[in-house]
Amino acid sequence: MCGILLIVNHKSLPACREPDVSPGAADFVEGLACRGPDAQGDLEVSCGPALLHFQGSLLQLRGAAPSASPLVDAGGNVLVFNGQIFPPCSLDVPPGTSDAQLLLAALGAPGAHVPAVLTGLRGPWSLVYWHAATCTLWFGRDPIGRRSLLVHAPSPADGRFMLSSSAPLDPAVPFQGFEELPPGIYSLALEPDLAGPGTAGAAGAAAVVWGTYWRHEWTEPAVRELAAFWRAPELVEPLPLADPAAADRDAQATGSPAQQGPAKTAAGAGTAQDAEFQEDIAFEQTVDAVLAALRQAVATRCRCIEEGWREAAAALQQRGLNGGAAAAFSADKQPREGAQSGSGSSMRQPPDATPAVAGAALPAPSCASDRQPPSAGPVPLLPQAPLLILFSGGVDSTLLAALAHEALPPEAPIDLASVCFDGGASPDRLSALDALAELRQLAPSRRWRLVQVDCSLADVEAARPRLLRLLAPADTVMDLNIGAALWLAARGAGALLPAQIESAAAGQGAQPCGAAPVAAAAAPAPVQQDQQRPDWQLGGLHLAAACCRSKARVVLLGHGADELFGGYGRHRTAFRARGWQGLGDELALDLRRLWLRNLGRDDRLVADHGREGRHPFLDEGVVSAALAAPLHHLTDLRLPPGQGDKRVLRACLRRLGLPRAAARAKRAIQFGSRLAAKTNSAAFGGTRRANLLNAGSVRLADVPAAPAVPAVASTGGATPGPAAGGTAAGAAAAGQSGV
């Protein structure tokens, strides 16, 4: 994950700098460095009375040579990029090359049309691009909005135009007037004198008002349909003769719907008009299409992880080459002054910077994942895994784990993080144990490493000031509940489960809430987890007794699965009230606001640990496959919970040989981890009272102070802390979204 900051000062406006109203560039440094620990840099561009300050940070996962941020080319064009460019795409990114550097070259090519170049990208991105020849600032987010970008428009109190990936982490620094930038392509024309009428490219001519920016259409119709999450009307309601349960009855009877297709084809050759038979075949075709798209999406996100640049940077530093790109990776180098002219603007940058690799290095503060409680010793790092999966054991995360197993080399370990606030006995922890056992039956040679992230309310309260800054501008009780669970899980620090306890837990499934935890029933002596795999031991410590942290820099997330495939309770409510059309409308609404309610917020939370979140369910190919399928194939809410919701994903799991995971009910992270129940009790006196107050939608500033709750030791060592004023409370409203 990378970090973006742009501050544009209009030097003739006195309101462009008010220290008590808005933050300065130095206030963002710590947060940017946590997002991009590999390099940090800044530069300035002057355009008439406007002064543009660019600041960037880099988490480099692509390219064979070290890169930097911001990037600048020989023409003075500047790019600060946060994202990944995945195939298939109009911009080809060969292995070992930097997608950001190729994008800068494409944007600066003679005759390049910026909206067309950006429309042709596939994958998650947000960016800021300065086109020096036209003095035009371009910025935006991908059509789905998978990367955070906050915008601050000029106001009477603060006349600066600003863009940032996240807020300053220091709670004492004011942070007002920022909001999530909607997905899209935008431009801001800065004419040298900022006087008289000006143009904004394809948006047309208009009088330039300071801070007015223009939105541009995606140039491809298919991308516009994707951004609108448009589904053809004939796909919304099933044919009257379709039997909604036929394929599901067959699948549950056999455990493998994929094996039914050929046999049924032969048996039904003479009965082509049989509606039930045709429906079964059509449903299997939908499963084929969705599973193929998901396979490709997961494979792409597993394979686009290249870290060979680290060896190149080390070799450069060993030879004493501190100029150019290598300088961007030196944590103790300070910015140096230099100048380079280009197309009517002046630019400050290091004099030894090379084209497309510019930006002065800034000191890198320690990130959230590196900090420990004062009493804790250093947390050992697990041997490198390509990726970490946030793992509840539910439909989405188990499907991602199974497909990651298919995509990764057989020798690569896969880290799974399970967060729990109930001493190892939360529903999600028990589901994770059962799903892990099922995955090991499916792939016994794979090194599956379940990191048990056991937390308490005290952990949430300790992280609260930082969490509130990462959440901003989101500020509801539900945001904090989801955010705390996600942030702690993405840290990937906890204890690995001994192999014999995992075997004992196999087949237990998710037990009722309050049942004794499977893994915490006894405390066996530490044993080596695998005699053939010594990398499961660190420094002579058996991992059963040690707290470890995943080194993976990529996190697979299940975002979008519920919105695409009908996983939330509110979808069933909409179906009961308004039928198929109401269900389709509710799904489209959820998808269109996903950038605002989830994606920007969760990007900031995961990136704070120096990791990059990737969303296979929101891959363009997966979204297109879902929108091209009959709605009742994706989700058929005439069937009961655990069957009809996310129907096609459950069928995918059965095909892969994971029937127990396929039958698991949906639980949002704040409920499955039991954080909501704990905080509802602390802040509202119980879940029932929280439900009556619609607590999930309550702004954090409006949560009343709760009396202190005595600490009570819980099974597994998790201890709830005192409930301070404004303590996070559980999302209570039915249908509130979660991860």
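At roughly what angle do the axes of helix α10 and helix α20 cross? The views below start there, and every one of them shows a predicted model.

**View 1. Helix α10 meets helix α20.** The axes of α10 (residues 395-407) and α20 (residues 647-655) come within 10 Å and cross at roughly 40°. As for handedness, α10 goes past α20 in a left-handed crossing. On the α10 side, the contact uses Val395, Asp396, Thr398 and Leu399, while α20 brings in Leu649, Arg650, Cys652 and Leu653.

**View 2. Arginine 146 in its loop.** Look for arginine 146 in the loop between β7 (136-141) and β8 (150-152). Is this residue buried or exposed? Its relative accessible area is 1%, so arginine 146 counts as buried, the cut-off being under 20%. A polar atom of its side chain sits 3.0 Å from the backbone oxygen of leucine 618. Setting aside neighbours within four places in sequence, arginine 146 also touches a list of residues that includes Gly123, Pro124, Arg301, Asp603 and Glu620.

**View 3. Two cis peptide bonds.** Most peptide bonds are trans. The bond from serine 69 to proline 70, however, is cis, with omega near 5°. Proline 70 belongs to the loop between β3 (50-58) and β4 (71-72). Another cis bond runs from alanine 472 to proline 473, this one with omega near 10°. Here the proline is in the loop between α12 (457-471) and α13 (477-491).

View 4. Most residues other than glycine have a negative phi. Lysine 646 has a positive one, near 50°. You'll find lysine 646 in the loop between α19 (631-634) and α20, and at 2% relative accessibility it counts as buried. Arginine 674 isn't a glycine either, yet its phi is positive at about 70°. It is in the loop between α22 (669-672) and α23 (675-684).

**View 5. Zooming back out.** The protein has 24 helices and 25 strands. Of its 739 residues, 59% count as buried. Among contacts with a separation of 6 or more, 77% are between residues 24 or more positions apart.

Notes
Residues are numbered from 1 along each chain as its sequence is written. This is a predicted model: local features need pLDDT of at least 70, side-chain atom pairs count only at pLDDT 80 or more; totals for chains, interfaces and linings use all residues. Side-chain values use heavy atoms; hydrogens and water are left out. Axes are lines fitted to C-alpha atoms, for helices over the stretch in contact, and angles run from 0 to 180 degrees between N-to-C directions. Helices (H or I, at least four residues) and strands (E, at least two) are DSSP runs, numbered from the N terminus. A crossing is left-handed if the near helix is turned anticlockwise from the far one by less than a right angle, and right-handed if clockwise. Contact means heavy atoms within 4.5 Å. Buried means under 20% relative accessible area, exposed over 50%, partly exposed in between (1.4 Å probe, protein chains only). A polar contact is a pair of N or O atoms within 3.5 Å; within protein, one must be able to donate a hydrogen and the other to accept it, and residues adjacent in sequence count only if both atoms are side-chain atoms.
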